[in-house]
Amino acid sequence: LVLAAGCSATGAAATEEATSPSRSTRAVPSPVAGAKGWLAYQSLTSRGEFEDGIFLVRTDGSDDHQIVAELPGRQTHPDFSRDGKRLAFAQLTSEESAGQVYVADADGTDARRLPSCSLPKCAGHGEPSWSPDGRHLAVSTDIDPRPGQPPARFGIAIIDLAKGTERTVVDNTFEAGQDHFARWSPDGRRLVFWRGRERPGGVQAAVFVVGVDGTGLRQLTPWGLLAGDPDWSPDGARIVFNTRPLVDFQESGRSELYTIRPDGTGLRRLTAYGPNGPRATQPRWTPDGKAIL
């Protein structure tokens with residue numbers, strides 16, 4: 001097991017009957033804990049507040065350890081390639097630096113930085129995601145930085161690993177919102193991602209899909225649902241996401257999991273923890289489709 005882990009349809013989607021909270025939260029045997037392999041995750045290290053690191057742990061909870069610890073700054077958002085042989089992650093050495101993306105062997109060795117995102121044009125690459133064929137990475141991009149202000153533009157780009165070239169898929173203004181955590185459809189033809197934007201009433205968030213050629217941009221969830229952190233099921237039939245994604249709602253007391261079809265229909269709630277329960281966030285489907293982490 002590895003952790004691979006259009007602007008229509010903006011109205012509220014019809015919600016299918018949700019799994020009851022008593023069933024969705026009860027203790028059942030975990031298909032993850034019973035599998036063999038590794039999970040990659042991000043966590044704080046002992047070096048300080050701005051010192052996140054990448055860790056590996058067996059799916060039974062054993063052999064938990066940090067990797068690529070020799071790199072400076074923060075290492076974040078790891079993603080295994082579909083064949084389990086490589087690991088991509090992001091690095092940020094300071095709040096003022098441009099974020100970079102690295103690719104390493106699955107155990108963290110031989111980490112190498114991809115073509116640099118360099119100031120003054122590129123303000124950062126982050127949140128990498130492997131294509132199904134292992135030839136490309138989708139990354140979030142910060143474009144055209146402004147001194148003392150957020151970047152003027154945000155988007156999603158695709159990096160060709162063999163050629164070292166970058167192609168923009170989504171490019172929008174700061175006012176339109178910031179795009180996060182693109183994930184590939186199983187057939188490699190589309191990306192799902194979420195966008196957060198500032199409005200007078202507060203932050204709004206919604207899930208979108210777009211073709212890898214930049215066409216067919218479509219909003220799947222209404223802004224008021226505050227949807228984010230999507231991931232495609234291995235069979236391509238559904239997309240899982242959480243409400244109130246941590247990037248923009250760190251102080252929120254409630255996050256629930258939902259799934260939706262890639263055409264924006266069939267919205268279904270998976271959890272009902274409520275405002276005082278645990279937050280269900282940053283879901284990832286297991287490669288066999290049997291569970292959601």
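Trainee: What is the strand order in the open sheet of four strands?
Mentor: The order is β4-β5-β6-β7, and the pairing is antiparallel. Keep in mind that this is a predicted model.

Trainee: Which strands stand at the edges?
Mentor: β4 (74-80) and β7 (112-113) do. Each has a single partner strand, so one side of each is left without a neighbour in the sheet.

Trainee: How many bridges pair β6 and β7?
Mentor: Two, in the antiparallel sense. β6 covers residues 100-105. Y102 stands opposite R113 in β7.

Trainee: Now β17. Is it mostly covered or mostly open?
Mentor: Mostly covered. The strand spans residues 239-243, and five of its five residues are buried.

Trainee: Which way do those residues point?
Mentor: I239, F241 and T243 point one way from β17. V240 and N242 point the other way. Both sets are buried.

Trainee: What does β17 pair with?
Mentor: Take β16 to start. β16 is residues 227-232, and four bridges join it to β17, running antiparallel. A227 has T243 in β17 as its bridge partner. β18 also pairs with β17, again through four bridges in the antiparallel sense. There, N242 has L257 of β18 as its bridge partner.

Trainee: And how many residues lie between the strands in the hairpin of β16 and β17?
Mentor: Six. Among them, check G236, which takes a positive phi near 80 degrees.

Trainee: Switching topic. Where is H180, and is it buried or exposed?
Mentor: H180 is found in strand β12, residues 178-184. H180 is buried, with a relative accessible area of 6%. That value falls under the 20% cut-off for buried.

Trainee: What does H180 touch?
Mentor: E127, S140, F193, W194 and V247. That list leaves out residues up to four places away in sequence.

Trainee: Last thing, confidence. What is the average pLDDT?
Mentor: The protein averages 85, and 85% of the residues score at least 70.

Trainee: Where is confidence lowest, and where is it highest?
Mentor: Lowest is helix α1, residues 21-24, at a mean of 42. Highest is strand β18, residues 257-260, at 98.

Trainee: Over which residues does pLDDT stay under 50?
Mentor: Residues 1-25. The model still has 72 contacts for that stretch beyond four places in sequence. Where pLDDT is low, the predicted coordinates should not be read in detail.

Key:
Residues numbered from 1 in each chain as written. Predicted model: local features only at pLDDT ≥ 70, side-chain atom pairs only at ≥ 80, totals over all residues. Heavy atoms only, no water. pLDDT = per-residue confidence, 0-100. Contact = heavy atoms within 4.5 Å. Pairing = 2+ DSSP bridges. Buried < 20%, exposed > 50% of the residue type's maximum accessible area, 1.4 Å probe, protein only.
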